[in-house]
Amino acid sequence: TYDLVPPGCRRAQGEFVLLGSTGGTPPYQFTIDSIEGTFGQGEGLLLDPGPWSVTLLDAQGCTFDTMIIMPDREDLQLLVPQEVWISYGDSGLIELNINVPSSQVDTILWNPNIWLTPSSDPLVWYTHAPLATQYQVTVETIDGCEAKGVIQVLIDNDPVLFVPNVFSPNEADGINDRFYPFSRPGTV
């Protein structure tokens, strides 16, 4: 059995790691294309992306042939909302989406780093900006991949509450007989 660790942003080659065997007699000697060597469990070999022919030979002369494909490096992709609208005095949700697991995130940098509150998920943030703000966010993974995005936070200054200044409780038409404030649905 083996593991393939794809190339990262700081290295052009991936790593082929021998995890163990369920047959044969150690020590194992393996040949990958023209690279020969004797490797033990947990040891690795750096390989360029692409197909590789692997032959394993055990101490009794038994062989096993297989083909592996070292994947290409996958560049980090960051998707951010272009605009986030929030009501004045309220907060808004900013969700960052990346093409790798969030456990691979090392650093998230915000510029400016104001009016932001993180959540338990490193890719979910809240902004409580009191005025329109443009954030530049940079996400870096543990292997050095980096991606950037720009988010415009816009403030909705339209009043969410309207209080009428006239009502007619004594009219028999049933219109405007009661006095009460109005709000946009879902805001109060």
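Which strand holds valine 124? Valine 124 is found in strand β14. This is a predicted model, in which local features need pLDDT of at least 70, side-chain atom pairs count only at pLDDT 80 or more, and totals for chains, interfaces and linings use all residues. Residues are numbered from 1 along each chain as its sequence is written, and side-chain values use heavy atoms, with hydrogens and water left out.

**View 1. Three strands form an open sheet.**
The 3 strands run in the order β10-β14-β13, with antiparallel pairing. Strands here are DSSP runs (E, at least two residues), numbered from the N terminus. Two strands pair if DSSP finds at least two bridges between them. β10 (92-95) and β13 (116-118) stand at the edges, each with a single partner strand, so one side of each has no neighbour in the sheet. On average, neighbouring strands of this sheet are turned by 30° against each other, direction ignored. Such axes are lines fitted to C-alpha atoms, and angles run from 0 to 180 degrees between N-to-C directions. β10 pairs with β14 (residues 124-127) in the antiparallel sense over 4 bridges. Leucine 93 has tyrosine 126 of β14 as its bridge partner.

Valine 124 belongs to β14. Is valine 124 buried or exposed? Valine 124 is buried, with a relative accessible area of 14%. Buried means under 20%, exposed over 50%, and partly exposed in between (1.4 Å probe, protein chains only). Residues up to four places away in sequence aside, valine 124 touches Leu93, Ile94, Glu95, Pro118 and Ser119. Contact here means heavy atoms within 4.5 Å. The C-alpha atoms of valine 124 and leucine 96 are separated by 6.3 Å, and the two residues are 28 residues apart along the chain.

**View 2. Two salt bridges.**
Side chains of opposite charge can pair when their charged atoms come close. How many salt bridges does a search of the whole structure find? The search finds 2. A salt bridge is a side-chain nitrogen of Lys or Arg within 4 Å of a carboxyl oxygen of Asp or Glu. One of them joins the side chains of glutamate 140 and arginine 10 (3.1 Å, N to O). Glutamate 140 lies in strand β15 (residues 133-141) and arginine 10 in the loop between β1 (2-5) and β2 (14-18), so the pair ties together parts 130 residues apart in sequence. Glutamate 140 is partly exposed at 21% relative accessible area; arginine 10 is exposed at 63%. Aspartate 75 and arginine 73 also meet in a salt bridge through their side chains (3.1 Å, N to O). Aspartate 75 is partly exposed at 44%, and arginine 73 is partly exposed at 40%.

**View 4**
Strands of a sheet pair through backbone hydrogen bonds, either parallel or antiparallel. β3 (residues 29-32) and β6 (residues 50-57) run antiparallel, joined by 4 bridges. Glutamine 29 stands opposite leucine 57 in β6. β6 also pairs with β7 (residues 63-70), in the antiparallel sense, over 8 bridges. Here leucine 56 has phenylalanine 64 of β7 as its bridge partner. The hairpin of β6 and β7 has 5 residues between the strands, and its glycine 61 takes a positive phi near 90°.
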